[in-house]
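Good morning, and thank you for coming. I should like to walk you through one structure, which I will now put on the screen.

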Amino acid sequence: MSSDGGGIVALLALGPASATALYWTLYRYYRNTDKSHAFERETAVVAAPVTGNDRKVHTVTGTEQRRISGDNVHDHRQRVTKMSPGSSAIGSPRTSG
């Protein structure tokens, strides 16, 4: 037996300790539990009366119409346009035609 038994025990204990530290670091990095947005605490929701009307716009009863008006089944590229590099697709639909 060698007299350096404490070094071997320390080396063996270093494996599980480093694995635990790595797991905890990765868990904190990917979960971001300390940086999460708490909607209930950090968001002010202001209630407002509902506005609008209940007017019917268009109804289809039964199976009289086989297709939806304005569909693009046969010409699927009709509404597709190439966007310029500086434009944003969110909130601004671009149609041609």
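Is Tyr 30 exposed or buried? The structure is a predicted model, in which local features need pLDDT of at least 70, side-chain atom pairs count only at pLDDT 80 or more, and totals for chains, interfaces and linings use all residues. Residues are numbered from 1 along each chain as its sequence is written, and side-chain values use heavy atoms, with hydrogens and water left out.

To the question, then. Tyr 30 counts as exposed, because its relative accessibility is 65%; exposed means over 50% relative accessible area, buried under 20%, and partly exposed in between, with a 1.4 Å probe and protein chains only. Tyr 30 also belongs to a nonpolar surface patch of about 510 Å², together with Leu 22, Leu 26 and Tyr 29. Patches are made of residues with over 30% relative accessible area and no salt bridge, where nonpolar side chains (Val, Leu, Ile, Met, Phe, Trp, Tyr) are joined within 5 Å and like charges within 9 Å. A salt bridge here is a side-chain nitrogen of Lys or Arg within 4 Å of a carboxyl oxygen of Asp or Glu.

Let me turn to the whole protein. Of its 97 residues, 1% count as buried. Its accessible surface comes to about 10,000 Å², and 58% of that belongs to carbon and sulfur atoms; the areas come from the Shrake-Rupley method with a 1.4 Å probe.

The protein has two helices and zero strands, taken as DSSP runs (H or I, at least four residues, for helices; E, at least two, for strands) numbered from the N terminus. Tyr 30 is found in helix α1, residues 5-31. The end C-alpha atoms of α1 are 40 Å apart, which agrees with the 39 Å that its 27 residues should span at 1.5 Å a residue; the expected span is 1.5 Å times one less than the number of residues. Just after α1, Asn 32 takes a positive phi of about 50°.

Finally, the aromatic rings. A search of the whole structure finds three aromatic pairs, meaning rings of Phe, Tyr and Trp (its six-membered ring) with centres within 6.5 Å; planes under 30 degrees apart count as stacked, over 60 as edge-to-face and the rest as tilted. Tyr 23 and Tyr 27 are stacked, because their ring centres lie 6.3 Å apart and their planes are at 20°. These two tyrosines are separated by about one helical turn, being four residues apart in helix α1. Tyr 23 is exposed at 57%, whereas Tyr 27, at 33%, is partly exposed. Tyr 27 also forms a stacked pair with Trp 24, at 5.7 Å centre to centre and 25° between the planes.
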